[in-house]
Amino acid sequence: MGAGLITAEVIAGGLGRHSYYLQPSQRRLFAAVGWSDWIQTFITLMFTKISIALFLLRIVDSRKVRMAMYALIGCLVFFTTIFVCLFLGVCRPLKAYWNVGMEAVCLSDNVFENIVIAQGVLSIITDLICAAFPVFFLKGLQVSLRTKIGLCLLMGLGLITAVCCTVRTALSAAVKSPDVTWDVVANVAWRLPEVNIGIVCANAPALRPIYLYFQGRLASQQSNSRTAYSRDKMMNSSAKRKVQGDLENGESNVTSGSVGTAETAVSYEMGIVGLSKDSR
């Protein structure tokens, strides 16, 4: 959904171009789609972090840790709901946000920027909490070393998302720029890896059973291939030995037949000689 909104902003809304080059219809479309994109960003980041927290709840039995994860989920839901509601009420009526000139009551640009900054701070804190989880709680976990390393690498991606979110939050002033379609490009460029890496972290644990399933099928196919190859090799060896045996038997028969023919010829010649002697 986010990719579709960004694409619409670029193609039809003029993202990446100066505002004074755009038509009024393009500016209106950019404002409407950009507003929707911020809301879906807030909701997507919330659900990715909730997914990670639920995954951590599955592997940890400590009551304190579980309570901390539940508290984290509660904070994410509570504050994200507030941010989304503020965005939904950015103007009354709402369409005045992208239809400039309508009589309406709207939040100021500074309030709009502060909402984006507040959400960025929340996202940074939750990213750092998830990234630090293995350091404090993984030592006593009864899993293999390979699984621990994989979990550390997976949670360590939270540091990358925290860096992306920090830069994105520092660039939040672009949302109130008069030339917003141009100045907000850097903010969008840092927002994209933040969201996508978070989605990868949230979905990677769920993909492991699928990976193991296909890995097992691949190993089974390789085993069957090796078995079939060994069987074919044995059959070829047996066939080769049989052919060699048939050839040897054929040579023996040919040799015996030649010797027998020679002996018959010698005997016949000796009989003729004997008969000529007797007749004399």
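Student: How much of the chain is buried?
Tutor: Of the 280 residues in the chain, 32% are buried. Keep in mind that this is a predicted model.

Student: And what are the elements, in order from the N terminus?
Tutor: The run is α-α-α-β-β-α-α-α-α. That makes seven helices and two strands.

Student: What share of the contacts with a separation of 6 or more is between residues 24 or more positions apart?
Tutor: Such pairs account for 71% of those contacts.

Student: OK, pockets. What's the volume of the largest one?
Tutor: The largest pocket comes to about 750 Å³. Its lining counts 35 residues, and Ala31, Tyr97, Asp109, Val175 and Val180 are the ones nearest the centre.

Student: Which helices each supply at least two residues of that lining?
Tutor: Helix 2 (24-59), helix 4 (109-137), helix 6 (180-183) and helix 7 (185-279). Helix 2 gives the most, with nine residues.

Student: How does the lining of the largest pocket split by class?
Tutor: There are 21 nonpolar residues, plus seven polar and seven charged.

Student: Start with the largest cavity. Which residues lie nearest its centre?
Tutor: Ile52, Asp127, Gly158, Thr161 and Gly198, out of 13 lining residues. The elements giving two or more residues to that lining are helix 2, helix 4, helix 5 (145-170) and helix 7. By class, the lining of the largest cavity has six nonpolar, four polar and three charged residues.

Student: And what lines the second largest cavity?
Tutor: Phe42, Leu45, Met46, Lys49, Leu76, Thr80, Gln119, Leu122 and Ser123. Helix 2, helix 3 and helix 4 each put at least two residues into that lining, with helix 2 giving the most, at four. The classes there are five nonpolar, three polar and one charged.

Student: Phe42 makes me think of rings. How many aromatic pairs does the structure hold?
Tutor: Eight. One of them joins Phe42 and Phe87, edge-to-face, with 5.3 Å from centre to centre and 90° between the planes. That pair links distant parts of the chain, since Phe42 sits in helix 2 and Phe87 in helix 3 (residues 63-88), 45 residues apart.

Student: Are Phe42 and Phe87 buried or exposed?
Tutor: Both Phe42 and Phe87 are buried.

Student: Then there's Phe78 with Phe79. Why does that pair count as edge-to-face?
Tutor: The planes of Phe78 and Phe79 are at 75°, so the pair is edge-to-face, as the label applies to angles over 60 degrees. The ring centres of Phe78 and Phe79 are 5.2 Å apart.

Student: Where does Phe79 fall on accessibility?
Tutor: Phe79 has a relative accessible area of 35%, so it is partly exposed.

Student: What lies over the face of Trp38?
Tutor: Arg191 does, at 3.9 Å from the ring centre.

Student: Switching to another arginine: where is Arg17?
Tutor: Arg17 is in the loop between helix 1 (2-11) and helix 2. With 39% relative accessibility, Arg17 counts as partly exposed.

Student: What does Arg17 touch, leaving aside neighbours within four places in sequence?
Tutor: Leu22, Gln26, Asp179, Thr181 and Trp182. Arg17 and Val180 are 163 residues apart along the chain, with 9.1 Å between their C-alpha atoms.

Student: Last one, Met67. Which helix is it in?
Tutor: Met67 is in helix 3. Its relative accessibility is 47%, so Met67 is partly exposed; the cut-off for exposed is over 50%.

Student: And how far apart are Met67 and Leu57 in space?
Tutor: They are 9.4 Å apart, C-alpha to C-alpha, and ten residues apart in sequence.

Definitions and conventions:
Residues numbered from 1 in each chain as written. Predicted model: local features only at pLDDT ≥ 70, side-chain atom pairs only at ≥ 80, totals over all residues. Heavy atoms only, no water. 1 Å grid on protein atoms, 1.4 Å probe; cavity = no way out; pocket = protein on both sides within 12 Å on 5 of 7 lines; lining within 4 Å. Points joined across faces, edges and corners; volume = space filled by probe spheres on them. Nonpolar A, V, L, I, M, F, W, Y, C, P; charged D, E, K, R; others polar. Phe/Tyr/Trp six-rings, centres within 6.5 Å; stacked < 30°, edge-to-face > 60°. Buried < 20%, exposed > 50% of the residue type's maximum accessible area, 1.4 Å probe, protein only. Lys NZ or Arg CZ within 6 Å of the ring centre and 35° of its normal. Contact = heavy atoms within 4.5 Å.
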